[in-house]
Amino acid sequence: MNDPNVPAWQPVVDVTRLFEGINPVTIEGIELVVVKKEDNLSVFAGRCIHQEAPMAQGILEENHLVCSKHLWRYRLDTGELEGEPGIFLQKFEHQKQDQVLEIRRDAFDQLKELYNSYDDEDNQDYRPKEE
């Protein structure tokens with residue numbers, strides 16, 4: 001059941017601050033990446049599904065976001081892992097409100113719950129550094 005006090009959309013970033021390529025964004029301690037390719041924007045979870053390596057350190061190749069650790073290739077249009085049908089890096093539905101890029105709050109909350117379930121000791125090389 002949706003809480004009427006929680007907005008349906010989560011602000012992510014002012015689109016005028018995005019550059020061509022991979023743009024890391026952290027919201028409430030949760031990493032995301034916004035990929036800008038020409039006039040197209042895509043928003044993904046900030047950690048590879050393989051070993052939680054940071055996608056902000058990834059590579060943009062043609063129509064793929066590539067994890068730099070083991071070169072897992074995710075399609076920009078769907079987030080699907082190349083060669084592995086049905087396996088996805090979470091891609092967020094998004095909208096622009098004025099100049100602010102927003103993602104669905106419920107999907108963001110699901111990612112936040114998943115990230116918070118990670119064992120910090122096992123993934124300490126891949127966790128964001130505290131600022």
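This is a predicted model: local features need pLDDT of at least 70, side-chain atom pairs count only at pLDDT 80 or more; totals for chains, interfaces and linings use all residues.
Reader: Why is Q10 called buried?

Author: Q10 has 10% relative accessibility, and buried means under 20%, so Q10 counts as buried. Q10 is part of strand 1, residues 9-14. Setting aside neighbours within four places in sequence, Q10 is in contact with I27, E28, L101, E102, I103, R105 and F108.

Reader: How do you know that strand 1 and strand 10 pair?

Author: Two strands pair if there are at least two bridges between them. Strand 1 and strand 10 (residues 100-104) have 5 bridges and run antiparallel, so by that cut-off they pair.

Reader: What makes strand 1 an edge strand?

Author: The open sheet has 3 strands in the order 1-10-9, with antiparallel pairing. Strand 1 pairs on one side only, and that also goes for strand 9 (94-97), the other edge strand. From one strand to the next the twist averages 35°.

Reader: Where does helix 1 go relative to strand 10?

Author: Helix 1 covers residues 105-116 and lies across strand 1 and strand 10, at about 70° to strand 10.

Reader: Back to W9: how do you know that the charged end of R104 sits over its ring?

Author: The charged end of R104 is 5.2 Å from the centre of the W9 ring. The distance limit is 6 Å, with a further limit of 35 degrees from the ring normal.

Reader: Which residues touch the most other members of the largest nonpolar core?

Author: That core has 32 residues, and V12, L32, V34, M55, L65 and F92 touch the most other members. Strand 1, strand 2 (21-27), strand 3 (30-37), strand 4 (40-45), strand 10 and helix 1 supply at least two residues each. Strand 3 gives the largest share, 5 residues. Take F92 as an example: beyond four places in sequence, F92 is in contact with L32, V43, F44, A45, I103, A107, F108 and L111.

Reader: Why is strand 4 described as largely enclosed?

Author: Because 5 of its 6 residues are buried, strand 4 is largely enclosed by the rest of the structure. Strand 4 pairs with strand 3 in the antiparallel sense over 6 bridges, and V35 has S42 of strand 4 as its bridge partner. Strand 4 also pairs with strand 8 (residues 91-92), again antiparallel, over 2 bridges. The cut-off is at least two bridges, so 2 is enough for that pair. There, the bridge partner of F44 is K91 in strand 8.

Reader: What sits in the turn between strand 3 and strand 4?

Author: Strand 3 and strand 4 make a hairpin with 2 residues between them, and E38 is in the turn. E38 has a positive phi of about 55° although it is not a glycine.

Reader: Is E38 buried or exposed, and how do you know?

Author: E38 has 57% relative accessibility, and exposed means over 50%, so E38 counts as exposed.

Reader: Which loop holds E62, and why is E62 called exposed?

Author: E62 is in the loop between strand 5 (59-61) and strand 6 (64-66). Its relative accessible area is 68%, over the 50% limit, so E62 is exposed. E62 also has a positive phi, about 45°, without being a glycine.

Reader: V15 lies in a loop, so why is V15 called buried?

Author: V15 lies between strand 1 and strand 2. Its relative accessibility is 11%, under the 20% cut-off, so V15 counts as buried. Not counting residues up to four places away, V15 touches L41, K96, Q99 and L101. V15 and L41 are 26 residues apart along the chain, with their C-alpha atoms separated by 9.3 Å.

Methods
Residues are numbered from 1 along each chain as its sequence is written. Side-chain values use heavy atoms; hydrogens and water are left out. Helices (H or I, at least four residues) and strands (E, at least two) are DSSP runs, numbered from the N terminus. Buried means under 20% relative accessible area, exposed over 50%, partly exposed in between (1.4 Å probe, protein chains only). Contact means heavy atoms within 4.5 Å. Axes are lines fitted to C-alpha atoms, for helices over the stretch in contact, and angles run from 0 to 180 degrees between N-to-C directions. A nonpolar core is a set of buried Ala, Val, Leu, Ile, Met, Phe, Trp, Tyr and Cys residues joined through side-chain atoms within 4.5 Å.
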